[in-house]
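Dear colleague,

Please find the structure below, together with its sequence. My notes on it follow.

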Amino acid sequence: LFDLPIRQCTDEEIADVVHLLYASAVRPEPEPDTEMYADLLADLVKHTRGKGQSDGTKIRNAIVDMCQQQFDHTFRLADAELHDADGNPLPQDDIYTNQMQLKATFRANVNFAGHLFVQGMLNEKIVNYVLYHLLYGRAGGRPKTRPPEEYEVEMFVGLLRTVAKRLSPGMHTQYIPGYMRSLETLVPKVTNRTQRMLQDLLELYKNKWSETRRAVSDRTTGLNEDDAEHRAGGLQPET
């Protein structure tokens with residue numbers, strides 16, 4: 001990949017390469033390897049800097065635009081995903097599957113953005129925009145009239161865990177304390193699984209983002225219990 005003649009590529013060809021990598025990073029699978037693809041794109045940008053500063057900038061801008069478009073996309077299935085080829089409504093099971101795939105893509109996109117930030121390809125302002133949006137709604141726009149969905153809380157937790165140690169002192173002073181207070185109010189309102197995630201994050205915050213060995217052990221145990229709960233049918237699908 002690094003030997004591609006990027007300097008001789010058109011903007012459309014560069015966009016095609018980036019789109020392929022992005023689509024692979026956010027594919028709706030249980031554990032898409034978003035970190036690996038973020039590392040790959042960061043290396044690609046570094047390798048193109050010697051061939052032309054604008055080439056690396058084009059790649060970075062293209063991938064950031066794709067993440068932004070996916071995040072700002074209305075979280076709603078398109079008509080084509082609700083009906084079959086003849087225009088008949090799909091069975092509820094099929095609609096549910098499509099909803100789960102959409103959520104998985106949305107979650108992978110947020111995870112991918114976090115790893116891009118760690119690689120220096122995404123600025124802190126965008127990360128804060130995503131965090132704010134997941135809890136409250138669009139920054140500068142109309143706030144949510146409902147509490148965040150649990151999948152939004154889970155994405156917030158995952159993103160903050162990824163980026164916390166790389167955030168600026170200003171971010172930790174101006175925004176993070178308010179986010180933590182909001183999470184504390186959510187703890188009694190969510191399922192046991194999400195409660196554990198929030199409590200782990202709040203404890204991590206109190207420890208200045210240094211995870212203790214006991215916390216790692218407790219979190220692993222909690223994840224195993226969650227898996228068992230899912231298999232037993234104890235957790236109902238989100239709607």
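Does Arg 193 count as buried or partly exposed, and at what relative accessibility? The model is a predicted one, and in it Arg 193 has a relative accessibility of 22%, so this residue counts as partly exposed. The cut-off that matters here is 20%, under which a residue is called buried.

Salt bridges

The side chain of Arg 193 meets that of Glu 154, with a distance of 2.4 Å from N to O. Because Arg 193 belongs to helix 9 (residues 192–206) and Glu 154 to helix 6, this pair ties together parts that lie 39 residues apart in sequence.

Glu 154 also meets the side chain of Arg 107 in a salt bridge, at 3.8 Å from N to O. Here the partners sit in helix 4, which carries Arg 107, and in helix 6 (residues 150–163), which carries Glu 154, so the pair ties together parts 47 residues apart in sequence.

Arg 107, at 28% relative accessibility, counts as partly exposed.

The cavity

The structure holds one cavity of 30 Å³ or more. The space within the largest cavity comes to about 90 Å³. Three helices each supply at least two residues of its lining: helix 3 (53–72), helix 4 (92–118) and helix 5 (124–136). Helix 3 gives the most, with four residues.

The residues that line the largest cavity are Val 64, Cys 67, Gln 68, Phe 71, Asn 109, Val 110, Ala 113, Leu 122, Ile 126 and Val 130. By class, eight residues of the lining are nonpolar, two are polar and none is charged.

Thr 34

A further residue to look at in the model is Thr 34, which lies in helix 2 (residues 34–49). With a relative accessibility of 5%, Thr 34 counts as buried, because the cut-off for that class is under 20%. Leaving aside residues up to four places away in sequence, Thr 34 touches Ala 25, Ala 108, Asn 111, Phe 112 and His 115.

With kind regards

Technical notes. Residues numbered from 1 in each chain as written. Predicted model: local features only at pLDDT ≥ 70, side-chain atom pairs only at ≥ 80, totals over all residues. Heavy atoms only, no water. 1 Å grid on protein atoms, 1.4 Å probe; cavity = no way out; pocket = protein on both sides within 12 Å on 5 of 7 lines; lining within 4 Å. Points joined across faces, edges and corners; volume = space filled by probe spheres on them. Nonpolar A, V, L, I, M, F, W, Y, C, P; charged D, E, K, R; others polar. Buried < 20%, exposed > 50% of the residue type's maximum accessible area, 1.4 Å probe, protein only. Contact = heavy atoms within 4.5 Å. Salt bridge = Lys/Arg side-chain N within 4 Å of Asp/Glu carboxyl O.
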